Amino acid sequence: QVQLVESGGGLVQTGDSLRLSCAASGRSFSSYTMGWFRQAPGKEREFVAAMSSIGGSTSYADSVKGRFTISRDNAKNVVYLQMNSLKPEDTAVYYCAAPFQPYTATMGVNGNYWGKGTLVTVSA
(Lines give C-alpha, C1' and ligand atoms only; values in the text may rest on other atoms or scores of the structure.)
Protein backbone atom coordinates (compact mmCIF):
# COMPACT_ATOMS: atom_id res chain seq x y z
CA GLN A 1 0.00 0.00 0.00
CA VAL A 2 3.00 2.28 0.50
CA GLN A 3 4.54 3.64 -2.66
CA LEU A 4 8.21 4.59 -2.79
CA VAL A 5 9.84 6.21 -5.80
CA GLU A 6 13.60 6.74 -5.94
CA SER A 7 15.40 9.21 -8.16
CA GLY A 8 18.80 10.81 -8.53
CA GLY A 9 20.97 7.93 -9.66
CA GLY A 10 23.37 8.22 -12.54
CA LEU A 11 26.85 7.70 -13.89
CA VAL A 12 29.63 9.52 -12.05
CA GLN A 13 33.37 9.29 -11.54
CA THR A 14 35.32 8.35 -8.45
CA GLY A 15 35.21 11.17 -5.92
CA ASP A 16 31.99 12.69 -7.24
CA SER A 17 28.79 13.24 -5.28
CA LEU A 18 25.16 12.36 -5.82
CA ARG A 19 21.99 12.94 -3.87
CA LEU A 20 19.29 10.32 -4.05
CA SER A 21 15.68 11.12 -3.26
CA CYS A 22 12.80 8.89 -2.24
CA ALA A 23 9.25 10.17 -2.43
CA ALA A 24 6.83 8.27 -0.20
CA SER A 25 3.06 8.10 -0.28
CA GLY A 26 0.24 5.97 1.10
CA ARG A 27 0.59 6.47 4.86
CA SER A 28 1.73 8.86 7.56
CA PHE A 29 5.37 9.38 6.65
CA SER A 30 6.54 11.03 9.85
CA SER A 31 5.77 7.99 12.04
CA TYR A 32 8.14 5.66 10.22
CA THR A 33 11.83 5.00 10.10
CA MET A 34 13.13 5.25 6.54
CA GLY A 35 16.17 3.59 5.07
CA TRP A 36 18.36 2.94 2.08
CA PHE A 37 19.69 -0.39 0.88
CA ARG A 38 21.76 -1.30 -2.14
CA GLN A 39 22.41 -4.33 -4.27
CA ALA A 40 25.41 -4.79 -6.52
CA PRO A 41 25.65 -7.42 -9.27
CA GLY A 42 26.32 -10.83 -7.77
CA LYS A 43 25.71 -9.67 -4.22
CA GLU A 44 22.80 -9.72 -1.81
CA ARG A 45 20.94 -6.61 -0.83
CA GLU A 46 22.72 -4.81 1.98
CA PHE A 47 21.88 -2.10 4.46
CA VAL A 48 23.24 1.38 3.76
CA ALA A 49 21.58 3.90 6.07
CA ALA A 50 18.46 4.56 8.12
CA MET A 51 16.88 7.45 9.97
CA SER A 52 14.32 7.05 12.72
CA SER A 53 11.11 9.04 12.96
CA ILE A 54 11.65 9.86 16.63
CA GLY A 55 14.65 11.96 17.51
CA GLY A 56 16.14 11.81 14.04
CA SER A 57 18.74 9.21 15.02
CA THR A 58 20.72 7.71 12.15
CA SER A 59 22.68 4.58 11.46
CA TYR A 60 25.08 3.69 8.66
CA ALA A 61 26.88 0.73 7.26
CA ASP A 62 30.58 0.80 8.06
CA SER A 63 31.39 0.95 4.35
CA VAL A 64 29.66 4.32 3.90
CA LYS A 65 30.00 5.96 7.31
CA GLY A 66 31.61 9.37 7.00
CA ARG A 67 30.77 9.64 3.30
CA PHE A 68 26.98 9.21 3.13
CA THR A 69 24.33 11.21 4.98
CA ILE A 70 20.67 10.33 5.28
CA SER A 71 18.10 13.04 5.91
CA ARG A 72 14.37 13.50 5.62
CA ASP A 73 11.81 16.20 5.00
CA ASN A 74 8.62 15.11 6.72
CA ALA A 75 6.64 18.02 5.28
CA LYS A 76 7.38 16.76 1.76
CA ASN A 77 7.41 13.02 2.57
CA VAL A 78 10.88 12.70 1.09
CA VAL A 79 14.00 10.96 2.35
CA TYR A 80 17.43 11.75 0.92
CA LEU A 81 20.77 10.05 0.70
CA GLN A 82 23.68 12.40 0.12
CA MET A 83 26.61 10.41 -1.22
CA ASN A 84 30.06 12.00 -1.23
CA SER A 85 33.48 10.69 -2.19
CA LEU A 86 31.94 7.96 -4.27
CA LYS A 87 33.98 4.86 -5.05
CA PRO A 88 33.57 2.17 -7.71
CA GLU A 89 32.53 -0.25 -4.97
CA ASP A 90 29.49 1.97 -4.33
CA THR A 91 28.12 0.94 -7.72
CA ALA A 92 24.74 -0.67 -7.14
CA VAL A 93 21.02 -0.28 -7.45
CA TYR A 94 19.91 1.76 -4.46
CA TYR A 95 16.54 1.02 -2.91
CA CYS A 96 14.43 3.11 -0.62
CA ALA A 97 12.83 1.10 2.19
CA ALA A 98 9.97 1.71 4.61
CA PRO A 99 9.30 -0.78 7.44
CA PHE A 100 5.86 -2.33 7.75
CA GLN A 101 5.73 -1.27 11.40
CA PRO A 102 5.97 2.32 12.68
CA TYR A 103 8.65 3.56 15.05
CA THR A 104 11.10 0.86 14.04
CA ALA A 105 14.45 1.08 15.81
CA THR A 106 16.45 -0.98 13.32
CA MET A 107 16.03 -2.15 9.74
CA GLY A 108 16.81 -5.43 8.05
CA VAL A 109 16.20 -6.75 4.56
CA ASN A 110 12.89 -8.27 5.66
CA GLY A 111 9.68 -6.56 6.64
CA ASN A 112 9.92 -3.52 4.36
CA TYR A 113 8.11 -1.85 1.55
CA TRP A 114 10.50 -1.26 -1.34
CA GLY A 115 10.91 1.16 -4.18
CA LYS A 116 11.98 -0.07 -7.59
CA GLY A 117 15.48 1.29 -7.18
CA THR A 118 17.76 3.79 -8.87
CA LEU A 119 21.08 2.83 -10.42
CA VAL A 120 24.30 4.45 -9.27
CA THR A 121 27.38 3.71 -11.35
CA VAL A 122 30.79 4.99 -10.26
CA SER A 123 33.59 4.70 -12.80
CA ALA A 124 37.23 4.44 -11.80
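Over which ring does the charged end of arginine 72 sit? The charged end of arginine 72 lies over the ring of phenylalanine 29, and the distance to the ring's centre is 4.5 Å. Keep in mind as you explore that this is a predicted model.

Let's start with the strands. Strands of a sheet pair through backbone hydrogen bonds, and they can do this in a parallel or an antiparallel way. Here, an open sheet is built from four strands, in the order β1-β3-β8-β7, with antiparallel pairing. Its edge strands are β1 (3-7) and β7, each of which pairs on one side only. From one strand to the next, the twist averages 15°.

Now look at the middle of that order. Strands β3 and β8 run antiparallel and are joined by six bridges.

## The nonpolar core

In soluble globular proteins, nonpolar side chains tend to be buried together. In this model, the largest nonpolar core contains 29 residues. Trp36, Leu81, Met83 and Tyr94 are the ones with the most contacts inside it.

Which elements give two or more residues to this core? They are β3 (18-25), β4 (34-39), β5 (46-51), β7 (68-73), β8 (78-83), β9 (92-99) and β11 (118-123).

## Rings that meet

Next come the aromatic rings, which make four aromatic pairs. In one of them, the ring centres of phenylalanine 37 and phenylalanine 47 are 5.6 Å apart and the planes meet at 75°, so this pair is edge-to-face. Phenylalanine 37 belongs to strand β4 and phenylalanine 47 to strand β5, so the pair ties together parts that are ten residues apart in sequence. Are these two buried or partly exposed? Phenylalanine 37 is buried, with a relative accessible area of 0%, whereas phenylalanine 47 is partly exposed at 24%.

Another pair is formed by tyrosine 95 and tryptophan 114: their ring centres are 6.4 Å apart and their planes are at 85°, so this pair is edge-to-face. It links distant parts of the chain, with tyrosine 95 in strand β9 and tryptophan 114 in strand β10 (residues 112-114), 19 residues apart. Tyrosine 95 has a relative accessible area of 13%; that is under 20%, so this residue counts as buried. Tryptophan 114 is partly exposed, with a value of 27%.

## One cluster and a charge

These residues also belong together: Phe37, Phe47, Tyr95 and Trp114 form one aromatic cluster.

Methods. Residues are numbered from 1 along each chain as its sequence is written. This is a predicted model: local features need pLDDT of at least 70, side-chain atom pairs count only at pLDDT 80 or more; totals for chains, interfaces and linings use all residues. Side-chain values use heavy atoms; hydrogens and water are left out. A nonpolar core is a set of buried Ala, Val, Leu, Ile, Met, Phe, Trp, Tyr and Cys residues joined through side-chain atoms within 4.5 Å. Buried means under 20% relative accessible area, exposed over 50%, partly exposed in between (1.4 Å probe, protein chains only). Rings of Phe, Tyr and Trp (its six-membered ring) pair if their centres lie within 6.5 Å; planes under 30 degrees apart count as stacked, over 60 as edge-to-face and the rest as tilted. A charge sits over a ring if NZ of Lys or CZ of Arg is within 6 Å of the ring centre and within 35 degrees of the ring normal. Two strands pair if DSSP finds at least two bridges between them. Axes are lines fitted to C-alpha atoms, for helices over the stretch in contact, and angles run from 0 to 180 degrees between N-to-C directions.
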